[in-house]
Amino acid sequence: MEDSPKTDPGKAGQSHEQKSSLAPKSGERPDQGSAPVADREIPNADHASKAGHEASAGAPPAEEHIPAPPTMEAKYLHPILAQPPEALTGLKLEGREKVAAGVTAVIKSMQFSWGEGGVGRGTKALLGLNQKNGFDCSSCAWPDPDEHRSVAEFCENGAKATASDADDKAAGPEFFARHSLAELSRMTDRDQNNAGRLTHPMVKRPGDNHYSPIAWPDVFDLIAKELNACQTPDEAVFYTSGKIPNEPAFLFQLFAREFGTNNLPDCSNMCHESSGSALSPTLGLGKGSVTLNDIHEAEVILIIGQNPGTNHPRMLSALQIAKRNGAKIISVNPLPEAGLLAFKNPQDFMNPLRALGALMGDGTQITDVFLQVRVDGDMALLRGIMKHLFEAEDLNPGQVVDRSFVAEFTEGFDSFEQNIRNTNWEEIEEISGISRAQLLEAANLMARKQKIITCWAMGVTQQRQGVQTIQEIVNLHLMKGAIGKPGAGTCPVRGHSNVQGDRTMGIWERVKGDFLDALEKEFKFTAPREDGLDVVESLKAMHAGKTRVYFSLGGNLLAAGPDTEFIAEAMRKQKLTIFVATKLNRGHLTTGETSLLLPTFAHVDIDMQKSGHQMSSCENSMGVVSQNKGILVPLAGDQLSEVAIISGVAIATLGDKTRTDWVAMTENYDVIRDHIARVIPGFEDFNKKLREPGGFYLPNGPRERKFTTKDGKAHFSTTTLEKYTHDPDHLILMTVRSHDQFNTTIYEYNDRYRGIHGERRVLFMNPADMAARSIKAKDLIDITSHFEGEERTVEKFVAVPYDIPKGNVSAYFPEANPLVPITSVAKVSNTPTSKYVVVTVVPTAVNNDKRIKQREKMIA
């Protein structure tokens, strides 16, 4: 492995920089958002609408018990499959890889780019990807460098996402005339995505089994008719994907609120809602506090519940720089992932001084200490590290805990300290699966350091106690004074390209009053003030028949959400489902009585309006807003931009009731940005700042030690460490992505880092758990989840022996999503607990009699 060179004197490891008195003051980082702003994003944990979720994790009140939908029987009940087909595609097992990226990543990037869009179109797309005058990657929200950017400023997954968007195949009216919805549902998710770009607006009318063409004026009239038929505006649900740029996101929430509802669920509800719910009441801002340059300067980086090699590959470049500057990295994960072990940077192949080493060497070692935590054991692990730190403080008073920072900037330390000290080691080791000695190794790396960054993702947020686990992360940073200085802070790593920006734009069901006040003043209407519905509550309402219209601006809620068959039943109960999309996905096939499939532009497409070539904007994980300007001519067809679609719906639906100039905003997106500048703090002079190379930073109080909580202090949390028990034959399932997918989009059937080729219906199991159940490698198995006395079963998975803690198993989503109960949610955030599902696993043959009886019952 490559050794980290001696620490750069200007970077990590400098003790003279670690005094709290040297923390940057407000205004010292003006290029990084100098003016703090109170958080409008996430309420405090005592928010009234969260009371039910605060009461219990993973167990709703008894009166909210919802019976499990038929998961195993669904394929006999409905000709249109909501779940991916069970047909196996041919598993080939190889050893898991120990190094991420390298030459293979370059080859795969080129194969996808040229295979989807052709050599010319594919290459042009890649050269404009993440460039200052180009377009924003439609996959992850990892930030771009502030200064120099490589000619290839993308990763393998970004190349795949861009290739998919640049696809030169069309899925137009002829395609839908050839294939019924039932036939399309029997395609794999990969084949649905690879059918091509949507080119014409399509409608499925009551009783139809095909989508057929419809003109745009008729689209708008149909939507307006159904929306205006609602008895109350709350009978409509407006869902948003995280890849939607700021401008259409702002218009979407504006239209929903002018229509009269705050029912604005989005994908944040299923991913980083737990992050915001923990960060806002403790630090005052529901976002991270670091920049990309801080990663480079950190002394210690803790990566917990995140797999950067697959889900955020460009992060590996930043970690490589940090390692070369002397940083130590602690990785916490149930699976030993290639991206957490070592990294070969494809950029090094273009550097004559590093090319040979990159090609022939073992790569840069990423992890110094790997803690293979049990699923849901992260909170106990963090307590163990902090307990060691307090013991070190006892031996070295004033050298481990930053007491001057604690005294000046925080509240609640004494209660927190007592809580950690009172936690016993037996409980910590049992819940986390990590020994006291291993935790000491990690604590020793942090003991005398303050330039600490913690990165996390859905491996933490989707636990039952995800919010409380993130509160412990904040506790760790506060006790170390490791926030509000270069090289230190919190780093929730977001998924989709603009999932953070959509929330900033007001895509949220519980926006605070000051945002609504500004919106009302700007657009001269009365905004609804009652909380709307998040994803879980929207799906419950839809399933209960309390809504009639579901409007999806991008995304694939059927595949992204929990309890797949429950979502399918909810969709079928709608009078109208509306899907704005670039490509076909499974969620477009399980529809309401009437359904619209509306084609729109991708980030890579040129968006020409009356005033010329339009640009939009996105906000990355670190609060930088930059421009997105497409460079490819859209395929021939009848697509409209997201802005034009929303405006068309608004004009038809609201009629004389709106005073908003939707036409002006469609003709020139600068008009939208002028409105945003007057409504949302931090966006003053939006149009001017967006045209600066690289964009601009939004305000970030915690980055400057200005904590915009009610009392202006950062708050320690005193959490409760809960131990859950289950039957001896039960296992704990977590869902994950494969390397050949991004979110719900499946590019191929492979996961080469984990040694999986040609198959997705796999279950990773500890060999001891397999032996105890008489299961051998590649045996067919059925998986049943157990919750509140209800069972959900998926069939025909393939058992794969793997290095995973005993008692834990893992499978890919969306294939395993039918096992996740709709009412199993995290405390406070109401996020589905996809990282804690209690299951049993049996060989498929064991269920044969049960399956035959169910089939006979369905036929009868």
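This passage describes the overall composition of a predicted model and then selected helices, cores, strands and residues.

The model is predicted, so that local features require pLDDT of at least 70 and side-chain atom pairs count only at pLDDT 80 or more, while totals for chains, interfaces and linings use all residues. Residues are numbered from 1 along each chain as its sequence is written, and side-chain values use heavy atoms, with hydrogens and water left out.

The protein has 33 helices and 33 strands; these are DSSP runs numbered from the N terminus, with helices being H or I of at least four residues and strands E of at least two. Of the 860 residues, 66% are buried, where buried denotes under 20% relative accessible area, exposed over 50%, and partly exposed in between (1.4 Å probe, protein chains only). The accessible surface is about 28,800 Å², and carbon and sulfur atoms contribute 52% of this area; areas were computed by the Shrake-Rupley method with a 1.4 Å probe, and for residues only the protein chains shown count as cover. For contacts (heavy atoms within 4.5 Å) between residues at least 6 apart in sequence, 81% join residues at least 24 apart.

Helix 22 comprises residues 466-480. Its 15 residues span 22 Å from first to last C-alpha, close to the expected 21 Å, the expectation being 1.5 Å times one less than the number of residues. Because 15 of its 15 residues are buried, helix 22 is largely enclosed by the rest of the structure. Gly481, just after this helix, adopts a positive phi of about 65 degrees. Helix 30 (residues 669-679) is mostly covered, with eight of 11 residues buried, including Tyr669, Arg673, His675 and Val679. The N-terminal end of helix 30 is capped by Asn668, a side-chain oxygen of which lies 2.9 Å from the backbone nitrogen of Asp670.

In soluble globular proteins, nonpolar side chains tend to be buried together. A nonpolar core is defined here as a set of buried Ala, Val, Leu, Ile, Met, Phe, Trp, Tyr and Cys residues joined through side-chain atoms within 4.5 Å. The largest such core contains 61 residues, and Phe238, Phe250, Phe255 and Leu596 have the most contacts inside it. Helix 9 (residues 246-259) gives the most to this core, namely eight residues. A second, separate core has 51 residues, among them Ala278, Leu279, Leu382 and Ile434. Beyond neighbours within four places in sequence, the contacts of Phe255 include Leu227, Phe238, Ile646 and Trp662.

Three strands form an open sheet in the order 21-22-23 with antiparallel pairing, two strands being paired if DSSP finds at least two bridges between them. Strand 21 (616-619) and strand 23 (696-697) are the edge strands, each pairing on one side only. Four bridges connect strand 21 to strand 22 (residues 624-628) in the antiparallel sense, with Cys618 opposite Ser626 of strand 22.

Two further strand residues were examined. Ser552, in strand 16 (residues 549-553), counts as buried because its relative accessibility is 2%. A polar atom of the Ser552 side chain lies 2.6 Å from the backbone oxygen of Gly554. Not counting residues up to four places away in sequence, Ser552 touches Tyr239, Ile578, Phe579 and Val580. Ala799, in strand 31 (residues 790-801), is buried at a relative accessible area of 0%. The C-alpha atoms of Ala799 and Ile775 are separated by 7.5 Å, although the two residues are 24 apart along the chain.

How values were computed
A polar contact is a pair of N or O atoms within 3.5 Å; within protein, one must be able to donate a hydrogen and the other to accept it, and residues adjacent in sequence count only if both atoms are side-chain atoms.
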